[in-house]
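The following note sets out numbered points on the model shown below. Please read each point alongside the sequence and the coordinates.

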Amino acid sequence: MQILKPATAGTLESSDLMVTLEPGTDGIELSLTSSVMNQYGRQIKKTVLETLERLEVKDAKVTVVDKGALDCTIKARVECAVLRSCDKADKNIDWGGVIR
Amino acid sequence: MSVSQVYTSDKRTMEKVKALLERVDITLDEHLDYTCAVFDEAGVPIATGSAFGATLRCFAVDPAHQGEGLLNEVITHLMENRMERGYFHLFVYTKPGSAKFFKDLGFSVIAEVPGLLTFLENRKNGFSGYLKKLEKKKLPGQAAAIVMNANPFTLGHRWLVELAAQENEVVHLFLLSEDAGPIPASVRHRLVREGVADLPNVVCHETEAYLISSATFPGYFLKSEEKILRTQARLDTALFVQIAAALDVTVRYVGSEPRSVVTGIYNEVLTEALPAHGIQCRVVPRRELPDGRIISASAVRQAIHDDALDSVADMLPETTLAFFRSAEAAPIIAALRTEQDVVHY
């Protein structure tokens, strides 16, 4: 999926994360802030990048501010931000394929 | 608990929000376009935050409710609200002691006015990326800097640039990126570029959000109290010092300001603060015409407003004059005519 416009998903409350996506030209540029950076930074980064890859997002500026979210939350927020940024969130979402 | 908007028309709630801010020594800004708060069971605000354009400010959490994550809720609410309005690059003003809370929320510090204010943005490499971009345009030799709005470019601006170009090997000319007023930024920039095209050692840059923008210096665009203007000018100076370091700039040229209060204060702050950072500040007197009139962009806007472009023809370089006489300028002139007040306060 191609990122068409800036979009955001999630909150800054505890156990959640805020994902902001903006159109990019130079692959995935990820900027990650986390309250559990030292313990789980790598795992969060891996989950975000895997989710983007699954959704076939090639170029995007991705800002993640994490407040200790679980992997399932991270996946859900990233998916939501991607769908919003390519104007698919307001239509029937095509569950099943790459969107789980 | 949920965050809800506080309307300026709701005077009673607004007073309570003001009282909450006063408890942590903050005065509610006059220029805000959105205020929100979290309320307790009795309907008393226990956390608040406001926004104006791309900036977030006036935060307070009731000391009895600190540590409950209320600031995070307020910030989330404000960020969503700003993004709905199309502002994605956000800035925060806060007291230096509170900066750490915002760093945890993904903001990074751009500059600080010691003891008064810390300025942050929601990007990790926003300002540093801007500085890197500037460094690529660095040229060898003694370098000067000028920052101008050029609204529009006059012979006064031209004279200041010419003087700097004679006295220095390189002149870095910063043009305000903000679209404020009837003359769009693209036109202002074009007129400057055309007007200095014959000076080979002048390099033009855009200030983006980082110099005299509505984020760093809202008082430049909206009438504000002197104390607030001074703080904002000091913040702007702190940013300029970092920009100057990236380009090895050792002298800043500014035009003297007999009429505009805000530019006058800004010049004063620059003259005071820059020498401490090894940058000289040269205040160049305004240029007068033989008949004693002072060249000023405000006067030019006023003349266009009054349909008397010819009366200021001797204040403008050929390029600017030709533009305002062309058909292309018609919509801009029409917009200037409808403005109530075209003179910079």
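1. B:Ser224 counts as buried because its relative accessibility is 15%; buried means under 20% relative accessible area, exposed over 50%, and partly exposed in between (1.4 Å probe, protein chains only). This serine is placed in the loop between β10 (202–206) and α7 of chain B. Leaving aside residues up to four places away in sequence, B:Ser224 touches B:Glu30, B:His31, B:Gly219, B:Leu229 and B:Tyr345, where contact means heavy atoms within 4.5 Å. Helices (H or I, at least four residues) and strands (E, at least two) are DSSP runs, numbered from the N terminus.

2. On provenance, this is a predicted model, in which local features need pLDDT of at least 70, side-chain atom pairs count only at pLDDT 80 or more, and totals for chains, interfaces and linings use all residues. Residues are numbered from 1 along each chain as its sequence is written, chains are lettered from A and ligands numbered from 1 in the order in which they are written, and side-chain values use heavy atoms, with hydrogens and water left out.

3. The interface between the chains brings 15 residues of chain A into contact with 14 residues of chain B. About 1200 Å² is buried between chain A and chain B, with carbon and sulfur atoms giving 63% of that area; buried area is the accessible area (1.4 Å probe) that two parts lose on being put together, summed over both. One salt bridge is found across this interface, a salt bridge being a side-chain nitrogen of Lys or Arg within 4 Å of a carboxyl oxygen of Asp or Glu. A:Glu22 and B:Arg123 form a salt bridge through their side chains, at 3.0 Å from N to O.

4. Over all chains, the search of the whole structure gives 21 salt bridges. In one of them, the side chains of B:Arg82 and B:Asp33 meet at 3.1 Å, N to O. This pair links distant parts of the chain, 49 residues apart: B:Arg82 belongs to helix α2 (residues 70–84) of chain B, and B:Asp33 to the loop between α1 (11–23) and β2 (34–39) of chain B. B:Arg82 is buried, with a relative accessible area of 0%, whereas B:Asp33 is partly exposed at 32%.

5. A salt bridge also joins B:Lys138 to B:Asp248, with the closest N and O atoms 3.5 Å apart. The partners are 110 residues apart, B:Lys138 being in the loop between α4 and β8 (143–148) of chain B and B:Asp248 in the loop between α7 and β11 (249–255) of chain B. B:Lys138 is partly exposed, at 38% relative accessible area, and B:Asp248 is partly exposed at 46%.

6. The side chains of B:Asp198 and B:Arg158 form a salt bridge at 2.8 Å, N to O. B:Asp198 is in the loop between α6 and β10 of chain B, and B:Arg158 is in helix α5 of chain B, 40 residues apart. B:Asp198 counts as exposed because its relative accessibility is 51%, while B:Arg158 counts as buried at 12%. Salt bridges that share partners connect B:Arg158, B:Glu162 and B:Asp198 in one network.

7. Helices α4 (residues 126–135) and α7 (residues 226–247) of chain B have axes that come within 8 Å and cross at roughly 35°; axes are lines fitted to C-alpha atoms, for helices over the stretch in contact, and angles run from 0 to 180 degrees between N-to-C directions. The contact involves residues of α4(B), including B:Phe127 and B:Tyr130, and residues of α7(B), including B:Leu239 and B:Ile243. Its residues divide into eight nonpolar, one polar and one charged (Ala, Val, Leu, Ile, Met, Phe, Trp, Tyr, Cys and Pro count as nonpolar, Asp, Glu, Lys and Arg as charged, and the others, Gly among them, as polar).

8. B:Asn151 and B:Pro152 are joined by a cis peptide bond, with omega about -5°. B:Ala150 is a residue other than glycine with a positive phi, near 50°, and is buried at 2% relative accessible area. B:Cys58, in strand β4 (residues 55–61) of chain B, has a positive phi of about 55° although it is not a glycine.
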